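Reader: Please take a close look at a single part of this model and describe it in one connected answer. Give the cut-offs behind each term as you go.

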Amino acid sequence: MRPVFHLAVFLICLPLAGPAALAAGDAVAGRAAFAKCASCHQVGPSARAGFGPQLSNVIGRKAGSTGDFKYSPAMAGANFVWTEDKLRAFLKAPSDVVPGNKMRFWGIGSDRQIDDILAYLRSFESQ
């Protein structure tokens, strides 16, 4: 096939990929954006709780479930698993997702920054 044909197929199929494929994020930019989270949260092989729970392997983890952090009753009682969509909503407006949680963070207004932070968090899965 010719390169022009590949480009045409890509451009035709791009809308079918959905928002997840378009909003994959940039882990390098996410590392910089995570700086606003790093005063309370750690990620990586030696991550542990501080002012907030460690966030390694957070995607797919039950909310309020790490053993080394004392969660608010609201977060401890949250009955959901952290999916990327749930994390995206929480990063945008924490109190809307888990009313009464004790995280003192008002949220991130930039969807791009949220996508980048999620890409950064994905880089710590299975660590």
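**The lining of the largest pocket**

Author: Helix α5 contributes three residues to the lining of the largest pocket, the largest share. The model is predicted: local features need pLDDT of at least 70 and side-chain atom pairs 80 or more, while totals for chains, interfaces and linings use all residues. Residues are numbered from 1 along each chain as its sequence is written, and side-chain values use heavy atoms, without hydrogens and water.

Both α5 (84–92) and α7 (111–122) supply at least two lining residues (helices are DSSP runs of H or I, at least four residues, numbered from the N terminus). The volume of the pocket is about 540 Å³ (an open set of points on a 1 Å grid over the protein atoms alone, where a 1.4 Å probe fits, with protein on both sides within 12 Å along at least five of seven lines; the volume is the space filled by probe spheres set on the points). Of its 29 lining residues, those closest to the centre are His41, Gly52, Pro53, Phe90 and Met103 (lining means an atom within 4 Å of a point). By type, the lining has 18 nonpolar, six polar and five charged residues (Asp, Glu, Lys and Arg are charged; Ala, Val, Leu, Ile, Met, Phe, Trp, Tyr, Cys and Pro nonpolar; the others polar).

Phe34 and Tyr120 are both buried (under 20% relative accessible area, 1.4 Å probe, protein chains only). Ring pairs also join Phe124 to Phe34 and Tyr120 in a cluster (ring centres within 6.5 Å).

Terms used. Buried means under 20% relative accessible area, exposed over 50%, partly exposed in between (1.4 Å probe, protein chains only). Rings of Phe, Tyr and Trp (its six-membered ring) pair if their centres lie within 6.5 Å; planes under 30 degrees apart count as stacked, over 60 as edge-to-face and the rest as tilted.
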